[in-house]
Structure formats: structure tokens, C-alpha cells
Amino acid sequence: MKLLGIDIGGTDIDAGLVSPDGEVLESKTWPTPFTLLDLERILREIKHSFNDYATVGIGIPGLWDERLRRIRYAPNIAFLEEAPMGDIVEGIFPGARVHNDATVSTWGEAIFGNGKEFESFLMITVGTGIGGGFYYKGEVLTGLNGFAGEIGHIPVNPNGTECGCGSRGCWETEASVKALRRKYRQRTGRDLSGEEIALRARQGEGEALQVMREIGYWLGIGLGSLINILDPPAVVIGGGLSLSFDLIEDSMYEGLRDSSYVYRYSRPPILPSRFRKKAGILGAAAYGWKGKG
Ligand SMILES: [Zn+2]
């Protein structure tokens, strides 16, 4: 059996076939288009690019409304907002399952990744923004509308930077890759990618090490709030920043100890995701196959 996973991202659309044990058998990438019509065309191309798949899952960035079957808010792909994505997908891939990228990534970890060993776990995806999901005994908690898991906007720093959501000092303005780049730019005047900053930290550059430590600390502060609420048996950290987990780990534990007394007693294991570039495809394939809700 083969599972088709489609990951619609702000820059690229990745699609691929996955085996039931989590191996990506083949995959292709399309640049994310600028119109809904072009997106429909790409989805049809994907349909004909792969054969013999039993299930289809799709991950979409933004606030997916489970009841209306559409994206309500998508800062990275504005044309998706309020577009009838549920109907469009059903017309091309009957029976396909769609959810937002964070929920879908949580399913990927639950079915194929580090979450497999746990009955329940908390997934945090730290990329340009921060998203996540709580896998609890066979389901991802998605809330009334499907909006649960918008954890990037829990407030962590009242003196922090203004956020696009209208609030200030949100977790993702303090601890995402976007925050890492901003903090590095403010310190050095240089505008580098997250990977470049991580590389400089590995080479021992003081400013890069310092901003990595700051990001790790704020990551720990936000994570502490979630551990206080959920008492999860384990935490999996995915997204671009998980590739630099060793550079942020120490200060993350410091932030956790400062913010969560539950953590001081519960000590759940905190594991970086094993998935690299294929996390989106694996998550979408997992959700199409086993997802509920
Ligand atoms: Zn916010």
C-alpha cells in the first residue's frame, strides 16, 4: 500500500508517496503559485504524477476551519483565505483528508516518528513561526473549530516585539527562526538565514551563539507554560530549528526550569524530530491514512 502526502507551504508544494513504515518512496516539488486556479492545476498535476496510492492527506498553512472546511487566516498564502479548499480537494481527490500543517505534522510524528513510542505527546514545530499539536491517546486535540494548537501566539514576553496577530511578545516573535534572524540582525546588522546563523554558531562566533541561546531560553519559557497545562509524557520538537537542537538545548532547559514547576517534577523527555526536509510529506501522508477529526 502507498500513501500520498501533499504539503502546501508558503514557498513550495511538496508531494510524495510514502510506505506504511514511513519511507518516502518518491517525491516532487512545485513552487507555490499565486492564484487559486494555479493551485488547482498543480493539485491535478500531482494526481497524475503518482500512481497506486490508497489514501491522500494534505497539509495547509493557516487557520483551518474544520467545520467550514476552509482556511480562515493564512498570512503566507493570502489567496487561500476563505477559498473553498474542502470542496476543491474533494473534487480532485475524493475522500482526501485536509488539515493545517501543524496538526498534520503531529500525526506524522505519531505514526512514523519519535512520537510512536508514546501514548500521548506534545509536538512543537519551530520554523518561520511556531505551531504544534497535542497527540492524546490516538487523536490530535483540534478544539471546537479545528483551531487548537495555535501555540505560536501564547504570550511569553510582555516587553517583546509586536506580532502580526495584533499582540506583543508572542512565543513566535521570541523563539522562532524569524525571531532568530531578527535578533541576529539587530546585534550585527547582517541579514542571514537561520541555517547560516547556526553554522556561524558552530564555528564559534560569539553573536551567533548568543542569539541561539536567547532563542533556546524563550523556547523553554513557552514550553514550560504548555507543560504546566498538559503534563505531556514526551515533547517532540520539529521544524527548521530542530536541526540546531544541540545549540539551543541548554538554554531551553534553563527557560523550562524558570517557567514550569511541573517540569521540575515531571521531566518529560524532549526529543528533536528525526524528519528533515520530508516532514511535511510524511505528516500529510500519516494524516490521510490514520487521521481522525
Ligand atoms: Zn502573535
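Reply: Leu4 stands opposite Leu17 in strand β2, and in β4 the bridge partner of Leu4 is Val56. The model is predicted: local features need pLDDT of at least 70, side-chain atom pairs count only at pLDDT 80 or more, and totals for chains, interfaces and linings use all residues. Residues are numbered from 1 along each chain as its sequence is written.

Strand β1 covers residues 2-8; strands (E, at least two residues) and helices (H or I, at least four) are DSSP runs, numbered from the N terminus. Six of the seven residues of β1 are buried, that is, 20 or more other C-beta atoms, placed from the backbone, lie within 10 Å of their own.

Two strands pair if DSSP finds at least two bridges between them. Six bridges join β1 to β2 (residues 12-18) in antiparallel fashion, and a hairpin connects the two through three residues. With β4 (residues 53-60), β1 runs parallel, again through six bridges.

These pairings belong to an open, mixed sheet of five strands in the order β3-β2-β1-β4-β7. Because β3 (24-31) and β7 (97-100) stand at the edges with a single partner strand each, one side of each is left without a neighbour in the sheet. Neighbouring strands are turned by 15 degrees against each other on average, direction ignored; axes are lines fitted to C-alpha atoms, for helices over the stretch in contact, and angles run from 0 to 180 degrees between N-to-C directions.

Four bridges join β4 to β7 in parallel, where Gly57 stands opposite Arg97. Helix α3 (residues 101-112) lies across β1, β4 and β7, at about 110 degrees to β7; contact requires C-beta atoms, placed from the backbone, within 7 Å.

Note on methods. Buried ≥ 20, exposed ≤ 12 C-beta atoms within 10 Å, placed from the backbone. Contact = placed C-beta atoms within 7 Å.
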